[in-house]
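Please open the structure in your viewer and keep the selection tool at hand.

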Amino acid sequence: MLGRWSIEFTRKCVRPFHHSITPSLHHPVFPVKFFHLIWCNLKRKKLRTSLTLLSIVVAFILFGFLSAIQQALVGGVEMAGADRLSVRQKVSIINLLPISYEARIERIPGVDFATHQTWFGGIYQDPKNFFMQNPVEPEKFFKIHPEIILPPEQMKAWLATRTGAIVGRRTADRFHWKIGDRIPIQSPIWGADRTWEFDIVGIYDGAKKGTDTTWMLFRYDYFDEARRWGKGQIGWFTIRIKDPSQAAEVAKRVDAEFENSPTETKTEPEGAFIQGYASQIGNIVFIVAAILGMVFFTILLVAGNTMAQAVRERTGELGVLKAIGFTNGQVMALVLAESCLLAVIGGAVGLALARAVTPVVADKLAGLLPMFFLPTHALFTGFSLSVALGLVTGIFPALQAMRLRVADALRRM
Amino acid sequence: MNENQSNNGALVRVENVEKIFRRGSEDIHVLADLHLQVPTGEFLALMGPSGSGKTTLLNLIGGLDRPTKGLVSVAGERLDQLSDHRLAAWRARHIGFVFQLYNLMPVLTAERNVELPLLLTHLSKAERKKHVDAALAVVGLTHRAGHYPRTLSGGEQQRVGIARGIVTDPTLLLCDEPTGDLDRKSGNEILDLLQALNREHGKTIIMVTHDPHASARASRTVYLDKGQLSNEPVK
């Protein structure tokens, strides 16, 4: 038998390839051909790998949800217009300002125009059905908020209907409202003993993802005439300025205009105004970062321990790889690739699950957190985080593998 | 350059080699002023009692370790002067290892184990497959290619180990007690195989063994004791 296969081996196989099987140790990228080896090593201890993977998946689901919560709380800052300032009563946002300020603000140099909104705080059927309703000046409101899209004929209908209201697509879908419906709403602030009725004349959409489409907007003239108290007063002004680079100077001028008056103002960029709202429940970014930091530190220990154990268990095998010609760098890269693969799979599954589940949760939180969604940039951040997790958890075992002396490692086989 | 010419006719040249291991504050002299020459095509058996330094010498010749002093030259290359990186590349090109305990990857099938050294080459997947099939055919294990090591007998595992050792057509095959963990019948089959590789393919083989029956298959036997080589068995 030996004669037959040996001749075949020598004549047909080895010799024709003899010069082509010179080892190549300088691959520009880590070759795909090693993937099978990495994958098989990962599957070696299925239970341990599965549990580690599960912990990474859970961490990334949490990352996804916290990113969505952060987006919901501070995302409005990103959507804020650079050319918009908010003016509120200096003491507190709940204190009102005279509407007469509007004309005075519009005379201040650098101001293009001003409009206003007021917190209505209405309840539709049940207090749990929370969503924001504000009385506005329709034409000016749309002029200052180009990110909100309303068909022209619906705008026309709104201007022609004193009790008319428009609602965002999300709220319309949530309550199955359609144009022509009459909506009863109670407002504990503006008269708990009566029911306000609004005719839905339009449904608006957002020009870009992240635009809040949960608001209900109705006409200020109807509101001012019907409310029991506070006539001629509004919640806050929004100003459009002519030159965004002059925002700080214009804000100072506005506040100076009303200095020493009974109702002094505080003017700030719209982003800071929204941030101020979010800050009422603490430093969101810090809280999210702190929670994530703790979670990822724990995962780091779990995954790091898995990789360290994996390398310890196969010291002899790593020695064999080195004996047959794998360089120290290649052995290190194999271990790192394995830890990265584990972390990236866990991260990808976790982020995919978070992405799939957040819309369902968002529907439940539509009133409370209207901008609750997992933004695309969070997915990229999450992916980068998973790679970083893989590198950090793998680096020490990989260095350990790299430094192994072949002769010592083979003795441990 | 002709490999043998560069080594004065020998494929392997070991001169004045000394190997000292340090254990704590104690120096252990394993090899002392050792000389050895192995011509191309020889099947050399290296015998000696446990702890005599056989594996250490094999490791030096295979580029797995470095001598404390002296010269180790294989196929015209001074191994004691190569960096770790170049030494790894040199091993991949010139050396096939066969271990006593087979040292196969338990997570890979027989054919994937044999393919491992070829991953370091530029060969395409199809070319690698061709080489793997040929090597498995040489050791008579084509029908077990898809089996994992745990489903193979000791003899079969060692044959996979040999296939892995020869798949890149190395200059030198180093076997560390290749029959040490096998029963007599399987051991004989392995020795038949090594002998065939030497006689029919001209493979140069250095085999460490305790077993006189195994060394009898070699074309020459040298004996190592207390760090020194001799052509006579240790009394």
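The tour begins with the conventions and then visits chain A and chain B in turn.

**Conventions**

This is a predicted model, in which local features need pLDDT of at least 70 and side-chain atom pairs count only at pLDDT 80 or more, whereas totals for chains, interfaces and linings use all residues. Residues are numbered from 1 along each chain as its sequence is written, chains are lettered from A and ligands numbered from 1 in the order in which they are written, and side-chain values use heavy atoms, with hydrogens and water left out.

**Stop 1: chain A as a whole**

Select chain A, which holds 15 helices and 12 strands. Helices (H or I, at least four residues) and strands (E, at least two) are DSSP runs, numbered from the N terminus. Of the 413 residues in chain A, 51% are buried; buried means under 20% relative accessible area, exposed over 50%, and partly exposed in between, with a 1.4 Å probe and protein chains only. Among the contacts in chain A with a separation of 6 or more, 80% are between residues 24 or more positions apart, a contact being heavy atoms within 4.5 Å.

**Stop 2: helices H12 and H13 of chain A**

Two packed helices are described by the angle between their axes and the distance between the axes. Select residues 315-323 (helix H12) and 328-364 (helix H13) of chain A: these helices pack at an angle of about 140°, with their axes 9 Å apart. Axes are lines fitted to C-alpha atoms, for helices over the stretch in contact, and angles run from 0 to 180 degrees between N-to-C directions. H12(A) and H13(A) are therefore oblique to each other; angles under 35 degrees count as roughly parallel, over 145 as roughly antiparallel, 65 to 115 as roughly perpendicular and the rest as oblique.

To display the contact, show A:Leu318, A:Leu321 and A:Lys322 on H12(A), together with A:Asn328, A:Val331 and A:Leu334 on H13(A). By class, this contact of H12(A) with H13(A) has 4 nonpolar, 1 polar and 1 charged residues. Here Ala, Val, Leu, Ile, Met, Phe, Trp, Tyr, Cys and Pro count as nonpolar, Asp, Glu, Lys and Arg as charged, and the others, Gly among them, as polar.

Which residues does A:Leu318 touch, not counting residues up to four places away in sequence? They are A:Val311, A:Val331, A:Ala401 and A:Leu404. A:Leu318 counts as buried because its relative accessibility is 4%.

**Stop 3: helices H13 and H14 of chain A**

The residues of the contact of H13(A) with H14(A) divide into 19 nonpolar, 10 polar and 1 charged.

**Stop 4: A:His176**

Select A:His176, in the loop between helix H7 (169-175) and strand S7 (182-187) of chain A. Although A:His176 is not a glycine, it has a positive phi of about 55°. Is this residue buried or exposed? At 66% relative accessibility, A:His176 counts as exposed.

**Stop 5: the sheet of 6 strands in chain B**

Turn to chain B and select the open sheet with the order S6-S7-S8-S3-S9-S10, in which the pairing is mixed. Its edge strands are S6 (95-98) and S10, each pairing on one side only. Two strands pair if DSSP finds at least two bridges between them.

Strands S3 (residues 43-47) and S9 (residues 220-225) of chain B pair in the parallel sense over 4 bridges, and B:Ala45 has B:Thr221 as its bridge partner in S9(B). S9(B) also runs antiparallel to strand S10 (residues 228-230) of chain B, joined by 3 bridges. In this pairing B:Leu224 stands opposite B:Leu229, and B:Tyr223 stands opposite B:Ser230. S9(B) and S10(B) form a hairpin with 2 residues between them, and B:Lys226 in the turn has a positive phi of about 50°.

**Stop 6: B:Asn103**

Finish at B:Asn103, in the loop between S6 and helix H4 (110-115) of chain B. At 5% relative accessibility, B:Asn103 counts as buried, and its phi is near 50°, a positive value in a residue other than glycine.
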